[in-house]
Amino acid sequence: MTPDRKTAGEDISAAAVLDPTLPLDQAVTPGTATPVSGVLSAAPNKDITIGLAPASAADDSELVSTVVTLVNNAYADAEHGIFHAGYQRTSSAEISGFIRQGRLALAYLNASPANDSPVTGSRSGEASGQRHVIGCVHVKLLSPTLGDFAMLALDANHRGGGLARKLVLFAEDHCRKKGCTLMQLELLVPTSFEHAGKARMQAWYLRMGYRVVKLGSFQEEYPALAPLLAGPADYRIFEKEFV
Ligand SMILES: CC(C)(COP(=O)(O)OP(=O)(O)OC[C@H]1O[C@@H](n2cnc3c(N)ncnc32)[C@H](O)[C@@H]1OP(=O)(O)O)[C@@H](O)C(=O)NCCC(=O)NCCS
């Protein structure tokens, strides 16, 4: 997926929001979304909760910094060879803006089952048993009926256990509840060489029910980023109809 440069059609801040004062298993607002808990192979016996970060977290510089690092590290690997060296997927300003707008869903690792301490992005927080961010997805409404997710990323230590699928399902569920009938995602795929990671992502999105509906113009959508591309790339738009 590509960096977010579009303005969404609608603010989604009224959606399920993690309440940092609640224990993790109650952190998603009842009736608006189901907490996603599970045991990951990479993190045995540790609960995971997914929810939109509360707007107040936009001013939590440690949390924002954790998310920025997580995303930039994940994309440095995932987009290797696609952009020129030095390209960064996101910034503190962008992440804090997404959080403030209620558009950033976070996956939190509950390091201690009895923990009721505040959400944190800090390593000291992790060590002391506070909730720690291990993944994210940016979700927004492009129109009243069209949802979109982007910037799907997981900490490398927490991959391979199905958490990315849960993040996508969270984004879809959220948009469906807001009245969307369609979901969209974008995938930038280099055309001058076979990119194994992008091929894997495309295969996965197809398995998730998405279909390529058109090739967009990366140049038109992201004029500031296009010059940073290291070579030619398809900018594929996928859609999935909710049934
Ligand atoms: C994309 C990302 C979030 C996926 O995380 P993950 O932990 O592999 O996610 P999941 O465990 O939910 O697996 C997703 C799918 O990939 C499959 N998969 C996992 N590891 C795989 C591997 N090494 N090879 C092929 N498929 C694999 C899983 O089987 C799963 O498919 P399924 O849901 O049909 O069973 C993670 O790799 C990441 O952060 N990547 C960097 C950022 C990025 O590329 N974002 C997407 C840009 S388009």
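Histidine 132 counts as buried because 22 C-beta neighbours lie inside 10 Å. The cut-off for a buried residue is 20 or more. This residue belongs to strand 4 of a predicted model.

The overall fold can be set out next. The chain contains six helices and eight strands. Along the sequence these elements follow the pattern β-α-α-β-β-α-β-β-α-β-α-β-α-β. Of the 243 residues in the chain, 42% are buried. Contacts between residues at least 6 apart in sequence were also examined; 71% of them join residues at least 24 apart.

Helix 1 covers residues 61-78. With 18 residues at 1.5 Å a residue, helix 1 should span 26 Å, and the distance of 25 Å between its end C-alpha atoms therefore agrees. The buried residues of helix 1 are Leu63, Val64, Thr66, Val67, Val68, Leu70, Val71, Ala74 and Tyr75.

Helix 2 runs over residues 92-100. Here Glu94, Ile95, Ser96, Phe98 and Ile99 are buried. Their cover includes helix 1, strand 2 (104-110) and strand 4 (131-141).

Strand 5 spans residues 146-154. Eight of its nine residues are buried, so strand 5 is largely enclosed by the rest of the structure. Strand 4 and strand 5 form a hairpin, with four residues between them. The two strands pair in the antiparallel sense over six bridges. In this pairing, lysine 140 has aspartate 148 of strand 5 as its bridge partner.

Strand 5 also pairs with strand 6, which covers residues 182-190. This pairing is parallel and has three bridges. Aspartate 148 stands opposite glutamine 184 of strand 6. Between strand 5 and strand 6 the chain passes through helix 4, and this β-α-β crossover is right-handed.

Most residues other than glycine have a negative phi. Methionine 151 is not a glycine, yet its phi is positive, at about 50 degrees. Methionine 151 is located in strand 5. It counts as buried because it has 23 C-beta neighbours inside 10 Å.

Strand 6 has a further partner in strand 8, residues 233-241. These two strands run antiparallel and are joined by nine bridges. Glutamate 186 has isoleucine 237 of strand 8 as its bridge partner. Strand 8 pairs with strand 7 (residues 211-215) as well, in the antiparallel sense and over four bridges. There, leucine 215 is the bridge partner of arginine 236 in strand 8.

Valine 189 lies in strand 6. It is partly exposed, because 18 other C-beta atoms lie within 10 Å. Its contacts, leaving aside neighbours within four places in sequence, are His195, Lys198, Gln202, Ala233, Asp234 and Arg236. Valine 189 is also 6.4 Å from tyrosine 235, C-alpha to C-alpha, while the two are 46 residues apart in sequence.

The ligand is surrounded by 19 residues. The closest are Ala74, Ala78, Arg159, Ala164 and Arg165. Helix 1, strand 5, helix 4 (163-177) and helix 5 (196-207) are the elements that each give two or more residues to this shell. Helix 5 supplies the largest share, with four residues. By class, the shell has 12 nonpolar, three polar and four charged residues. Ala74, one of the closest residues to the ligand, is also among the buried residues of helix 1.

Conventions: Residues numbered from 1 in each chain as written. Predicted model: local features only at pLDDT ≥ 70, side-chain atom pairs only at ≥ 80, totals over all residues. Buried ≥ 20, exposed ≤ 12 C-beta atoms within 10 Å, placed from the backbone. Contact = placed C-beta atoms within 7 Å. Near = placed C-beta within 6 Å. Nonpolar A, V, L, I, M, F, W, Y, C, P; charged D, E, K, R; others polar. Expected span 1.5 Å × (residues − 1). Pairing = 2+ DSSP bridges. Right-handed = clockwise from strand over helix to strand, strands pointing away.
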